[in-house]
Amino acid sequence: MNKSIAKQAVEYASSIMGLSDIKVHFKYQSFFPNKDVNSMFIPNGYYIVFSEYWLKNAKELEVMKCGFHETRHACQRTCNRFF
């Protein structure tokens with residue numbers, strides 16, 4: 001269920017910010033630089049990755065918040081390309 005919420009949050013925030021083609025991936029916790037990181041925007045691949053481990057117990061609101069937050073980083077990256 002939380003994977004679906006993560007994808008929907010990114011899609012919703014992307015539509016508001018006028019972004020497209022942000023992919024959403026799910027990885028094992030070992031992918032992340034430390035145990036306190038639950039999601040990240042990866043600029044080189046233009047995708048957002050969520051920890052599968054974290055999603056198992058995360059509250060829906062936290063998942064949405066992370067999706068919105070990481071999408072904001074994608075927007076910042078897009079804006080920085082113009083300068």
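Ground rules. I am working from a predicted model, in which local features need pLDDT of at least 70 and side-chain atom pairs count only at pLDDT 80 or more, while totals for chains, interfaces and linings use all residues. Residues are numbered from 1 along each chain as its sequence is written, and side-chain values use heavy atoms, with hydrogens and water left out.

Strand β1. I looked up residues 23–27 and found Val24 and Phe26 on the covered face, with Lys23, His25 and Lys27 on the uncovered one. Strands here are DSSP E runs of at least two residues, and helices are H or I runs of at least four, numbered from the N terminus. In a regular strand the side chains alternate between the two faces of the sheet. β1 runs parallel to β3 (residues 47–51), joined by five bridges; pairing takes at least two DSSP bridges. Val24 has Ile48 as its bridge partner in β3.

Salt bridge. I searched the whole structure and got one, counting a Lys or Arg side-chain nitrogen within 4 Å of an Asp or Glu carboxyl oxygen. Glu52 and Lys3 form it, at 3.4 Å from N to O. Glu52 is in helix α2 (residues 52–57) and Lys3 in helix α1 (residues 2–17), 49 residues apart.

Cores. I took a core as buried Ala, Val, Leu, Ile, Met, Phe, Trp, Tyr and Cys residues joined through side-chain atoms within 4.5 Å, buried being under 20% relative accessible area (1.4 Å probe, protein chains only). The largest has 18 residues, with Ile22, Phe50, Trp54 and Val63 making the most contacts inside it. Helix α3 gives the largest share, four residues. Another core, of five residues, lies apart and includes Val37 and Tyr47.

Conventions. Buried < 20%, exposed > 50% of the residue type's maximum accessible area, 1.4 Å probe, protein only.
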